[in-house]
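Here are my notes on this model. Keep the sequence and the 3D view open as you read.

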Amino acid sequence: MAEIQNSNPTIRNASDLPTRRGRTSSPTTKGQPLGLFASSIPSSTYLVDPFEPAPISSESDSDDDAVEPIDEQEIYDLISTISDPEHPLSLGSLAVVNLPDIHIKPLSRDLQTVLVEITPTITHCSLATVIGLGVRVRLEQSLPPRFRVDVRIKDGTHSTGDQVNKQLGDKERVAAALENAQLMGVLRKMLETCQ
């Protein structure tokens, strides 16, 4: 992109971001042996307690058609690691996406809408539409078909928020944008850091 418009954004430490994903642990974890022979000493913790009675499974537990629930935290985990197109940081660490700004609403018995409100780092961010498109693409690729995705600029956070929301909400404009090879290159680069 041309020049960085906001060269000094507020940056959150990655360890402070809300997540359910496992954090990487250091080799000096309490209770684990250290040193050259650490890997040869068996761990004393069991994944399954051998003295605990086995759980009784019912037929409803083995139902393959059961729908696994997806909540706001899972949505946040999917999109918080997307790279910002201007900065070498994630949307989560720049507070462009925030957990309280993600909402899941039922449309019908079988359909749900995921609403994500993004907060640009500056009110005149020229890449707000690209960021919104990146979030939309990530969710559409990751979520099951029972979800409809709605990405918007949070009210009052962008000078042309209504125009950006109109572009992000128009299926034909989104489809046309995804046919643009240069824009797809930017989106691929943004999504490379997704976990």
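1. Over which residues does pLDDT stay under 50, and how many contacts beyond four places in sequence does the model have for them? One such stretch is residues 24-38, with five of these contacts. This is a predicted model, and where pLDDT is low, the predicted coordinates should not be read in detail.

2. Look next at residues 40-46. Their pLDDT also stays under 50. The model has one contact beyond four places in sequence for this stretch.

3. Now the chain as a whole. Its average pLDDT is 80. A score of at least 70 is reached by 70% of the residues. Among the elements, strand S2 (residues 112-118) has the highest mean pLDDT, 97. Helix H4 (residues 171-178) has the lowest, 93.

4. Turn to the nonpolar core. The largest one holds 42 residues. Those touching the most other members are Ile 75, Ile 79, Val 116, Ile 118, Val 135, Leu 139 and Leu 143. At least two residues each come from a set of elements that includes helix H1 (72-79), strand S1 (102-106), helix H2 (128-142) and strand S3 (147-153). H2 gives the most, with seven residues. In soluble globular proteins, nonpolar side chains tend to be buried together.

5. Pick out Leu 139 in the view. Neighbours within four places in sequence are left aside here. Leu 139 then contacts Ile 75, Leu 78, Ile 79, Val 114, Val 116 and Val 149.

6. Why is H1 described as largely enclosed by the rest of the structure? Six of its eight residues are buried, so the description holds. The buried ones are Gln 73, Ile 75, Tyr 76, Asp 77, Leu 78 and Ile 79. S1, S2 and H2 are among what covers them.

7. Is Ser 93 buried or exposed? Ser 93 has 6% relative accessibility, so it counts as buried; the cut-off for buried is under 20%. Ser 93 sits in the loop between H1 and S1. A polar atom of its side chain lies 3.0 Å from the backbone oxygen of Ser 90.

8. Finally, a helix pair. The axes of H3 and H4 come within 5 Å. They cross at roughly 80°, which means that H3 is roughly perpendicular to H4. From H3, the contact uses Lys 166, Gln 167, Leu 168 and Gly 169. From H4, Lys 171, Arg 173 and Val 174 take part.

Terms used
Residues numbered from 1 in each chain as written. Heavy atoms only, no water. pLDDT = per-residue confidence, 0-100. Helix = DSSP H or I, 4+ residues; strand = E, 2+ residues; numbered from the N terminus. Contact = heavy atoms within 4.5 Å. Core = buried A, V, L, I, M, F, W, Y, C linked by side-chain atoms within 4.5 Å. Buried < 20%, exposed > 50% of the residue type's maximum accessible area, 1.4 Å probe, protein only. Polar contact = N/O pair within 3.5 Å; in protein donor to acceptor, adjacent residues only side chain to side chain. Axes fitted to C-alpha atoms, helices over the stretch in contact; angles between N-to-C directions. Parallel < 35°, antiparallel > 145°, perpendicular 65-115°, else oblique.
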